[in-house]
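Welcome! Take a look at the structure below, and then we will go through its sulfur links and some of its strands together.

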Amino acid sequence: MYYAQNGERLSLDYVGSLELKSILIKYMNVLQDCGVGTEASGSACIPNLEDSERNSKVYKNFNGTDYINLRKFDDGQFILNDGSLILLENAPNGELFISVDVNGYLKNPNRLGWDLFMFHIDRKGNLLPMGAKGTQYYSETNAYCSESSTNTLNGAGCTIKAINEKDYFTKLR
């Protein structure tokens, strides 16, 4: 819809720092606007108030060994009418990430790569599932989608597998 109305894809050429949320929210059926996540005002659904570590006490990494770092999820939040939560990264360094908690943050398992999935908008405006070649969390060794990795963003690269592997969800334990 954005492309049809503006004649251009969402990309770094057209989206400034912290503008992604105001662009996307117009095209969604939003139940609740949760602010940006770093606000101390209490409007954030997933507050990110621990600046030193910025770790969520809501979400864990893929194998459940650690809470995830919220730095890639703190530039916009909103809940859709179906209950899913959208978390955005729209940093000055050019990262455009859209993450989706498919069953909402109030329902478990609240784990990256289980019910929280990340997407990357690349420099050409393509929306890519995280873990695909060309995304920030692509790894030939599955470093970002591994049962053994202790990386706090382990699970970030699982979106491509969740889309392409028909037995992906049955293998989760």
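A disulfide joins Cys34 to Cys45, with 1.9 Å from S to S; pairs of cysteine sulfur atoms count as disulfides within 2.5 Å. The model is a predicted one, in which local features need pLDDT of at least 70 and side-chain atom pairs count only at pLDDT 80 or more, while totals for chains, interfaces and linings use all residues. Residues are numbered from 1 along each chain as its sequence is written, and side-chain values use heavy atoms, leaving out hydrogens and water.

**Disulfides**

- The torsion about the S-S bond of Cys34 and Cys45 is about -45°, so this disulfide is left-handed.
- Cys34 is buried at a relative accessible area of 0%, and Cys45 counts as buried at 10% (buried means under 20% relative accessible area, with a 1.4 Å probe and protein chains only).
- Cys145 and Cys158 form a disulfide too, with their sulfur atoms 2.0 Å apart.
- The link of Cys145 and Cys158 is right-handed, with 110° about the S-S bond.
- By the distance rule, the count comes to two disulfides.

**Strand β6 and its partners**

- Six of the six residues of strand β6 (residues 96-101) are buried, so the strand is largely enclosed by the rest of the structure (strands are DSSP runs of E, at least two residues, numbered from the N terminus).
- Strand β5 (residues 85-90) runs antiparallel to β6, joined by six bridges (strands pair if DSSP finds at least two bridges between them).
- On the β7 side (residues 116-121), five bridges join the antiparallel strands β6 and β7, and Ile98 has Phe119 as its bridge partner in β7.

How values were computed. Buried < 20%, exposed > 50% of the residue type's maximum accessible area, 1.4 Å probe, protein only. Helix = DSSP H or I, 4+ residues; strand = E, 2+ residues; numbered from the N terminus.
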